[in-house]
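Colleague: I would like to learn how to read a few features of a structure, going through them slowly and with care. Could we take them in turn?

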Amino acid sequence: MEARNTEFVIFDVETTGLSPKDGDRIIEIAAIKVRNFEVMDKFHSLVNPGRDIPEQAQRVNNITPDMVQNAPGASQILPDFLTFIGGACLCGQNVKFDLDFVCFELSLAGYKMNDNTPALCTIKMAKYFMPHLTTFRLSNLAQAFGIKVGLTHRALADVTLTLEVFKHLVTLAEDQGVVRLSNLLKEFGVQKPVFKLAQHQNTMF
């Protein structure tokens, strides 16, 4: 299947820190579903992490404890995210980071992502198709493509920006004859992490 005709879910999470295994948790998740780069649906929620949000994290994403106080927990919102994904291909900026958090949080609740759900990384694509760049941060990639950069480090804003960057990266791939999703996944795909599921709940998907 050609990449352009593929259903993609571009997603991003904001977190309390860098490592779910060390106790960091998701505090926001957002996703945009597209086909032929036309927006089909959106998914967004703040997430109550069930723990404090370090000041350093608050300075990065401007998400405060008050903002997530009444938000659903990960065990409540992430099954809905799995339903939202359906049979789509995931895509994200440094997508392994986001996958690690989502899959770890799912495992804590006794769920897991479909084993057949593929995932593409825009950083991997950018490093291959734009090797002249000295940095591959999302805002820098956007600027390199002439995309206006507004709010960053909020999940929905980052997803929207990632989608625009991804469109340009797919065009670069097509210019070099890489048009099929299978070829993109072979070069720029990311494997989902495997975590032991909690035993106190049933699994889904």
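This is a predicted model: local features need pLDDT of at least 70, side-chain atom pairs count only at pLDDT 80 or more; totals for chains, interfaces and linings use all residues.

Colleague: Does Cys91 count as buried or exposed?

Modeller: Residues are numbered from 1 along each chain as its sequence is written, and side-chain values use heavy atoms, with hydrogens and water left out. As for accessibility, buried means under 20% relative accessible area, exposed means over 50%, and partly exposed lies in between (1.4 Å probe, protein chains only). Cys91 has 0% relative accessibility and therefore counts as buried.

Colleague: How many disulfides are there?

Modeller: In general, a disulfide is a covalent bond between the sulfur atoms of two cysteines. Here the term is applied to a pair of cysteine sulfur atoms within 2.5 Å, and by this rule the count comes to zero. The cysteine sulfur closest to that of Cys91 belongs to Cys89 and is 6.9 Å away, which is too far for a bond. Cys103 is likewise in no disulfide, since the nearest cysteine sulfur, that of Cys89, is 14 Å away. With a relative accessible area of 9%, Cys103 is buried.

Colleague: How many salt bridges does the structure hold?

Modeller: Side chains of opposite charge can pair when their charged atoms come close. A salt bridge is taken as a side-chain nitrogen of Lys or Arg within 4 Å of a carboxyl oxygen of Asp or Glu, and the structure holds nine of them. One of these joins Glu174 to Arg4, with the closest N and O atoms 2.7 Å apart. Because Glu174 lies in helix α7 (residues 155-175) and Arg4 in the segment before β1, this pair ties together parts that are 170 residues apart in sequence. Helices (H or I, at least four residues) and strands (E, at least two) are DSSP runs, numbered from the N terminus.

Colleague: Which residues are linked with Glu7 in a network of salt bridges?

Modeller: The network links Glu7, Lys33 and Arg35. Between Glu7 and Lys33 the closest N and O atoms are 3.9 Å apart, and the pair links distant parts of the chain, with Glu7 in strand β1 and Lys33 in strand β2 (residues 26-35). Both Glu7 and Lys33 are buried.

Colleague: Which side chain of opposite charge is nearest to Glu14?

Modeller: Lys and Arg count as positive and Asp and Glu as negative, with His and the chain ends not counted. For Glu14, which is buried yet has no salt bridge, the nearest such side chain is Arg154, 6.5 Å away. Glu14 lies in strand β1 (residues 7-15).
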